[in-house]
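I opened the notebook to keep a plain record of what I looked up, helix by helix and then residue by residue.

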Amino acid sequence: MHIHRLLEKHAMGPIEAKRLVAAYEKTLRGLGIQDRGDPIAEMVAKKVFEIGRSSIEDPSQICELAIKALRVL
């Protein structure tokens with residue numbers, strides 16, 4: 001999974017990592033992406049990571065913001 005590669009490169013606790021993985025999975029489902037090898041899944045991971053590193057803690061809110069941002073692209 002793309003999100004795990006990003007998490008490996010940055011020091012963070014297990015709670016924060018779990019939150020980002022949850023947001024990533026929810027965003028993929030929301031966008032209808034099933035293939036984790038799809039290049040779009042990498043874009044999703046980067047966007048979720050970017051948003052999730054802010055002060056937003058709720059995976060659902062991270063998901064909503066990521067979907068809004070990615071639908072513009």
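Which residues in H2 are buried? I went through the helix in this predicted model and listed Ala17, Arg19, Leu20, Val21, Ala23, Tyr24, Glu25, Thr27 and Leu28 as the buried ones.

Entry on helix H2. I took its limits as residues 14–31, which gives 18 residues, and I noted that the distance from the first C-alpha to the last is 26 Å, close to the 26 Å expected at 1.5 Å a residue.

Entry on H2 against H3. Two packed helices are described by the angle between their axes and the distance between the axes, so I looked up both values here. For H2 and helix H3 (residues 39–52) I wrote down an angle of about 135° and axes 9 Å apart. Since angles over 145 degrees would count as roughly antiparallel and those from 65 to 115 as roughly perpendicular, H2 and H3 are therefore oblique to each other. I recorded their crossing as right-handed. On the H2 side of the contact I found Glu16, Arg19, Leu20, Ala23, Tyr24, Thr27, Leu28 and Leu31, and these meet Ala41, Val44, Ala45, Val48, Phe49 and Gly52 in H3. Sorted by class, the residues of this contact come to 10 nonpolar, 2 polar and 2 charged. Going back to my list of buried residues in H2, I saw that Arg19, Leu20, Ala23, Tyr24, Thr27 and Leu28 are on it and are also among the residues that meet H3.

Entry on H1 against H3. Helix H1 (residues 2–9) packs with H3 at an angle of about 40°, and I noted that the axes are 8 Å apart. That angle makes H1 oblique to H3, and I recorded this crossing, too, as right-handed. His2, Ile3, Leu6 and Leu7 in H1 meet Ala41, Glu42, Ala45, Lys46, Val48 and Phe49 in H3.

Is lysine 47 buried or exposed? Lysine 47, which I found in helix H3, has 19% relative accessibility and therefore counts as buried, the limit for that class being under 20%. Leaving aside residues up to four places away in sequence, I listed Ala66, Ala69 and Leu70 as the residues that lysine 47 touches. Glutamate 50 is also found in H3, but because its relative accessibility is 51%, it counts as exposed. I also looked up its separation from arginine 71, which is 21 residues away in sequence and 16 Å away in space, C-alpha to C-alpha.

Glycine 30 has its place in helix H2, and at 41% relative accessibility it counts as partly exposed. Not counting residues up to four places away in sequence, glycine 30 touches Ile67 and Arg71, and its C-alpha is separated by 8.8 Å from that of glutamate 64, 34 residues apart along the chain. Serine 60 lies in helix H4 (residues 59–72) and, at 24% relative accessibility, counts as partly exposed. For serine 60 and alanine 22, 38 residues apart along the chain, I noted a C-alpha separation of 8.4 Å.

Key: Residues are numbered from 1 along each chain as its sequence is written. This is a predicted model: local features need pLDDT of at least 70, side-chain atom pairs count only at pLDDT 80 or more; totals for chains, interfaces and linings use all residues. Side-chain values use heavy atoms; hydrogens and water are left out. Helices (H or I, at least four residues) and strands (E, at least two) are DSSP runs, numbered from the N terminus. The expected span of a helix is 1.5 Å times one less than its number of residues. Buried means under 20% relative accessible area, exposed over 50%, partly exposed in between (1.4 Å probe, protein chains only). Axes are lines fitted to C-alpha atoms, for helices over the stretch in contact, and angles run from 0 to 180 degrees between N-to-C directions. Angles under 35 degrees count as roughly parallel, over 145 as roughly antiparallel, 65 to 115 as roughly perpendicular and the rest as oblique. A crossing is left-handed if the near helix is turned anticlockwise from the far one by less than a right angle, and right-handed if clockwise. Contact means heavy atoms within 4.5 Å. Ala, Val, Leu, Ile, Met, Phe, Trp, Tyr, Cys and Pro count as nonpolar, Asp, Glu, Lys and Arg as charged, and the others, Gly among them, as polar.
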